[in-house]
Amino acid sequence: MKKETLGSSYLTQGAFFQKPIAISWLRKNTVIEIICSLLILLFIYAALSKVSDYDRFTVQLSKSPYVTAYANLIAWAIPAIEILISFLLVIKKTRLIALYASFFLMSLFTVYLITMLNFSYYIPCSCGGVLENLSWHQHVVFNVFFVAISAAGVLMQHKNIYA
């Protein structure tokens, strides 16, 4: 056996460093799974909350100065979209599309909320369940958190697919 085979160059190549790469990949997949799970919980909870108190949700939407004309359509579309995104997040082949959709939807909710806070005289809360108890500042922070993890999920999933 050659002396170089047992030298440091042998240890820095090949099998010695294969395990950390596998662990890194495993951690990335675990983080993606956690992100998707959090988004699924959020969207399913929000959709069920809106559908279970549909009349109140529709009334709150109809009081919004920006979506009044479309309140009935939005009252069904938002929960349906949330459930669809949740379903797509479960399926690994559609996960990247679902993460993009999550990012877009949470960004849209956040922009809408910030617009309402800055330009509306009346701010109806059409969120359901526990989210109604948040202050407006806390709600913006909550939304920004989910925008950020959606973006992180997109980047990590994109690198997983195209690596």
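Is R95 buried or exposed? R95 is buried, at 6% relative accessibility (buried means under 20% relative accessible area, exposed over 50%, partly exposed in between, with a 1.4 Å probe and protein chains only). The views below come from a predicted model, in which local features need pLDDT of at least 70, side-chain atom pairs count only at pLDDT 80 or more, and totals for chains, interfaces and linings use all residues. Residues are numbered from 1 along each chain as its sequence is written, and side-chain values use heavy atoms, with hydrogens and water left out.

**View 1. E33, K92 and R95 form a network of salt bridges.** A salt bridge here is a side-chain nitrogen of Lys or Arg within 4 Å of a carboxyl oxygen of Asp or Glu. The model holds three salt bridges by this rule. R95 pairs with E33 at 2.8 Å, N to O. R95 sits in helix α5 and E33 in helix α2, so this pair ties together parts 62 residues apart in sequence. Helices are DSSP runs (H or I, at least four residues), numbered from the N terminus. E33 also bridges to K92, with the closest N and O atoms 3.4 Å apart. K92 lies in the loop between α4 (71-90) and α5 (95-119), while E33 belongs to α2 (18-52), so the link joins parts 59 residues apart in sequence. E33 is partly exposed, at 29% relative accessible area. K92 is exposed, at 58%.

**View 2. E82 and K50 meet in a salt bridge.** The N to O distance is 2.7 Å. E82 lies in helix α4 and K50 in helix α2, so the pair ties together parts 32 residues apart in sequence. Both partners are buried: E82 has 1% relative accessibility, and K50 has 9%.

**View 3. The largest nonpolar core has 17 residues.** Such a core is a set of buried Ala, Val, Leu, Ile, Met, Phe, Trp, Tyr and Cys residues joined through side-chain atoms within 4.5 Å. L39, F43, I85, L89, L99, M106 and F146 have the most contacts inside this core. Helices α2, α4, α5 and α6 (136-162) each give two or more residues to the core. The largest share, six residues, comes from α2. In soluble globular proteins, nonpolar side chains tend to be buried together.

**View 4. L39 and its contacts.** Contact means heavy atoms within 4.5 Å. Leaving aside neighbours within four places in sequence, L39 touches L89, L99, S102, F146 and S150.
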